[in-house]
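Please consult the sequence and the structure shown here while reading.

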Amino acid sequence: MSTGEASTQATRIAAEQTDAAPAPSNHVGQALRRKEDPRLITGKGTYVDDINLTGQLWAAWVRSPEAHAKIVSIDTSQAKARDGVRAVYTHEDLDIEASLPMAWVPPGIEVNTPDHWVLAKGEVKHVGDPVALVVGDDRYEVFDAAEDVIVEYDPLPVVTDPEKALESDSPVIHEQFATNKVSEWSLGGGDLEAGFAEADVVVERRIVNHRIAGAAIEPRGVLADFRADRLTVWSSTQIPHLLRPFLSMLLGISEDRVRVIAPEVGGGFGSKLQVYAEEVGCAWASRKLGRPVKWIETRSEGMMVTHHGRDQIDTVRVGAKRDGTITAWHSKILADIGAYQMFFTPMIPELSAFVMCGVYKTPAVQTDVVNVMTNKFPTDAIRGAGRPEATHMIEVTMDQLAQELDMDPLELRRKNFIPPFSEGHETPIGVVYDSGNYELALNKLLEHIDPAKVRQEAAELRERGIYRGIGFCTYTEICGNAPSRIVGPSGFGVQGGGWESAAVRVHASGAVTLYTGTSPHGQGHETGFAQIVADRLGIDPAQVDVIHGDTQAGPWGLDTYGSRTLAVGGEAAARAAGKVAAKAREIVAHQLEADPADIELREGRFSVRGSPDKGMTLSEVAGAAYAPENIPEGMEPGLDEQSFYDPENFVFPFGAHACVVDVDAETGKIDVVRYVAVDDCGPAINPMLIDGQVHGGIVHGVGQALYERIHYDQDGQLVTGSFVDYALPTAAEMPSFETDRTETPSPVNSLRVKGVGEAGTIAASPTVTNAVIDALRPLGVTFINMPLSPMRVWEAIQEAKGGVAA
């Protein structure tokens with residue numbers, strides 16, 4: 001991937017975007033309350049579970065209790081004999097000839113992608129692998145019927161350790177391949193060998209980034225209805241527009257006869273960025289039975305068969321001069337991607353490579369990725385998707401390097417910061433950061449927290465057996481997915497583009513509808529997008545209705561993930577609104593006998609510059625457009641425009657975070673005392689939305705660092721199958737977050753914005769980890785991997801007392 005020319009192109013494109021340029025209004029930048037919230041907090045939202053159709057049937061899945069086994073036989077007779085059971089299907093009953101999709105085919109790289117069927121064929125590869133589908137009249141009776149399906153298994157050897165999975169004597173999970181290795185991929189730049197030869201100090205660490213769940217507040221759900229040769233699917237998905245063509249292909253239904261609707265989703269965090277077997281299976285069963293078929297995921301199913309994230313072992317090696325100057329950086333990633341490859345499964349670890357330079361002017365850097373299969377459920381994108389893993393290994397290693405050099409960790413960071421830039425900085429690997437001012441963010445952070453004071457408090461607390469520590473993280477990330485020319489089939493290998501769409505329709509009354517191709521699941525799009533459009537049309541955001549998540553409403557889109565919504569979808573909305581505004585200016589100019597260039601938008605009116613009393617409101621313009629007696633010759637009636645926006649570059653938000661923790665040396669328990677976050681996502685559209693995203697992201701990252709872990713035992717059994725075993729952070733464990741911002745405009749889009757939905761998660765886990773290590777140093781603990789559970793911390797303290805490094 002090279003974006004060497006993107007900086008100058010992006011600057012030129014931004015300068016030409018006059019139609020999308022902000023109008024002189026004040027809605028953008030205001031902390032308006034979310035338009036979505038009244039229906040959500042009063043129980044009036046509509047989720048898949050709230051939707052029921054006449055004649056609706058229910059589905060339940062028979063799932064394997066074995067992690068790896070041959071299917072000897074499946075006896076469905078008892079289940080079929082139950083009253084109310086309409087059908088029981090196994091793989092042999094399905095006429096679906098293609099396996100579930102995997103959408104990453106990198107040029108020149110061999111990727112071993114096994115068949116992944118809706119129902120298991122011949123063998124099961126992980127606990128929860130579906131072997132049969134039961135459909136019946138009652139929601140709960142089908143679960144009982146599923147227990148009546150008798151499956152005989154012949155267990156096979158299991159491997160759950162990714163390092164052992166690569167050994168020559170390891171059980172091979174898929175016989176179609178001679179190995180469990182999926183792919184090898186590298187990205188580098190600069191002279192790595194010379195960089196390490198130049199180094200006075202080389203630090204190497206083995207950093208584990210363990211497996212986690214998305215754990216969205218609402219489980220998944222599907223309702224499929226095939227009638228009159230048309231398929232409608234309601235799904236709690238992040239990607240209705242991407243799900244639609246794959247349902248079309250897998251089921252052999254013309255795409256124009258497939259409609260996908262994502263109602264209220266209830267959180268996703270990447271876990272609903274997927275084409276799941278349940279969506280395809282319910283749609284197939286509806287067509288087969290001629291009745292609507294519905295499935296609602298249980299929480300235990302969600303932990304078992306909604307895709308996981310992270311799960312990699314990183315070996316990081318950094319070289320530096322004695323004065324702290326970094327000379328070389330080499331990261332090796334061993335990613336445990338589970339038993340199959342889902343939509344983006346083998347691509348996620350590679351995303352780390354694009355920000356492996358972090359915010360530092362590293363002259364030589366290389367990232368090597370090896371993906372390997374084990375008998376676990378697949379991983380895929382979970383909030384941050386590769387960037388949290390990269391930032392964790394970078395920022396934890398920076399603290400380890402500072403320790404080796406006996407140098408203040410902030411001084412080390414300042415020593416290596418890329419200087420401020422506004423129109424592009426090219427890293428050694430050819431990635432062009434759009435804009436950045438990393439020292440400014442750190443300085444802003446230190447206005448809120450005094451490390452010297454924290455260390456003084458720490459010395460006093462140690463007398464009481466409490467060990468206080470402070471940790472930092474200075475990060476950048478890549479988001480705003482994505483320039484099609486970079487990520488597409490001939491580039492990085494994604495089988496599609498990265499553009500986004502929007503359509504703005506002004507009704508005859510002057511009310512406005514925005515149709516966006518993005519599909520929110522809690523971010524507040526309806527509010528932020530309404531502010532963008534309202535400013536460009538001179539109206540109140542309350543007059544803008546935002547329609548999303550329905551493939552039959554508005555143009556085709558590419559949905560929501562990777563912090564792309566504002567930088568790509570918001571820009572598309574701004575451009576579509578800009579086109580409407582341009583047409584409105586022409587109509588006003590024609591009616592007022594003025595030059596269109598002299599028409600300006602002020603105080604809710606399109607008026608003649610210098611003559612504010614001569615003008616028209618948007619509703620008056622709409623009336624003229626739909627009753628076209630007096631519009632410019634050759635102009636089409638109506639006031640309805642759309643835009644497809646394909647960015648020239650990614651955007652690169654950044655920031656600086658700090659965390660203060662107290663560790664009880666007797667129990668290993670960690671209390672998060674303070675958390676301060678300074679993030680830069682460019683100019684704020686709505687500061688309240690930013691704070692909400694940052695707060696949620698921090699909790700997600702702190703949760704991984706301290707509490708959350710998906711754990712399989714050596715037999716491939718899922719140990720953390722419910723919230724009894726999988727610990728999620730609550731408000732009781734979190735302090736009140738202290739947030740602030742710097743604003744460094746991006747040259748990539750006319751809004752000058754960057755993404756922020758994943759920022760808190762990307763920064764939080766290394767910030768907390770560094771704080772815990774800082775707290776434990778007086779006890780002799782100099783390094784520890786996540787998850788930082790009380791037991792693990794206590795064990796590290798005991799090992800240090802015995803003279804063994806943790």
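A residue is called buried when its relative accessible area is under 20%, exposed when that area is over 50%, and partly exposed in between. By this criterion, buried residues make up 62% of the 806 residues in the protein chain. The model is a predicted one.

**The chain as a whole**

The secondary structure of the protein chain comes to 20 helices and 28 strands. The C-alpha trace spans about 90 × 75 × 50 Å along its principal axes. For 806 residues, a compact globule would have a radius of gyration near 28 Å, and the 27 Å of the protein chain agrees with this. Among contacts with a separation of 6 or more, 80% join residues 24 or more positions apart.

**An open sheet and the helix across it**

An open sheet is formed by 5 strands in the order E7-E15-E14-E13-E8, with mixed pairing. Strand E7 (181-189) and strand E8 (201-212) each have a single partner strand and stand at the edges, so one side of each is left without a neighbour in the sheet. From one strand to the next, the twist averages 10°.

Within this sheet, strand E14 (residues 326-336) and strand E15 (residues 365-372) run parallel and are joined by 8 bridges. Trp329 stands opposite Val365 in E15.

Helix H10 (residues 387-405) lies across E8, strand E13 (309-320) and E14, and runs at about 145° to E8.

**The packing of H10 and H11**

Two packed helices are described by the angle between their axes and the distance between the axes. For H10 and helix H11 (residues 409-416), the axes come within 9 Å and cross at roughly 110°. Angles of 65 to 115 degrees count as roughly perpendicular, which makes H10 roughly perpendicular to H11. On the H10 side the contact involves Glu395, Met398, Asp399, Leu401, Ala402 and Leu405, which meet Pro409, Leu412 and Arg413 in H11. The residues of this contact divide into 6 nonpolar, no polar and 3 charged.

Strand E10 (residues 230-235) is mostly covered, with 5 of its 6 residues buried.

| Strand pair | Sense | Bridges |
|---|---|---|
| E9 (residues 221-227) and E10 | antiparallel | 6 bridges |
| E10 and E11 (residues 258-261) | parallel | 4 bridges |

Val222 has Ser235 in E10 as its bridge partner, while the bridge partner of Trp234 is Ile261 in E11. E9 and E10 form a hairpin with 2 residues between them, and Ala228 in the turn has a positive phi of about 50°.

Is Glu163 buried, partly exposed or exposed? Its relative accessible area is 35%, so Glu163 is partly exposed. This residue has its place in helix H5 (residues 162-165). Leaving aside residues up to four places away in sequence, Glu163 touches Arg206, Ile313 and Leu334. Glu163 and Leu251, by contrast, are 88 residues apart in sequence and 38 Å apart in space, C-alpha to C-alpha.

Notes. Residues are numbered from 1 along each chain as its sequence is written. This is a predicted model: local features need pLDDT of at least 70, side-chain atom pairs count only at pLDDT 80 or more; totals for chains, interfaces and linings use all residues. Side-chain values use heavy atoms; hydrogens and water are left out. Two strands pair if DSSP finds at least two bridges between them. Axes are lines fitted to C-alpha atoms, for helices over the stretch in contact, and angles run from 0 to 180 degrees between N-to-C directions. Contact means heavy atoms within 4.5 Å. Angles under 35 degrees count as roughly parallel, over 145 as roughly antiparallel, 65 to 115 as roughly perpendicular and the rest as oblique. Ala, Val, Leu, Ile, Met, Phe, Trp, Tyr, Cys and Pro count as nonpolar, Asp, Glu, Lys and Arg as charged, and the others, Gly among them, as polar. The radius of gyration is taken over C-alpha atoms; the globule rule is 2.2 Å times the number of residues to the power 0.38. Buried means under 20% relative accessible area, exposed over 50%, partly exposed in between (1.4 Å probe, protein chains only).
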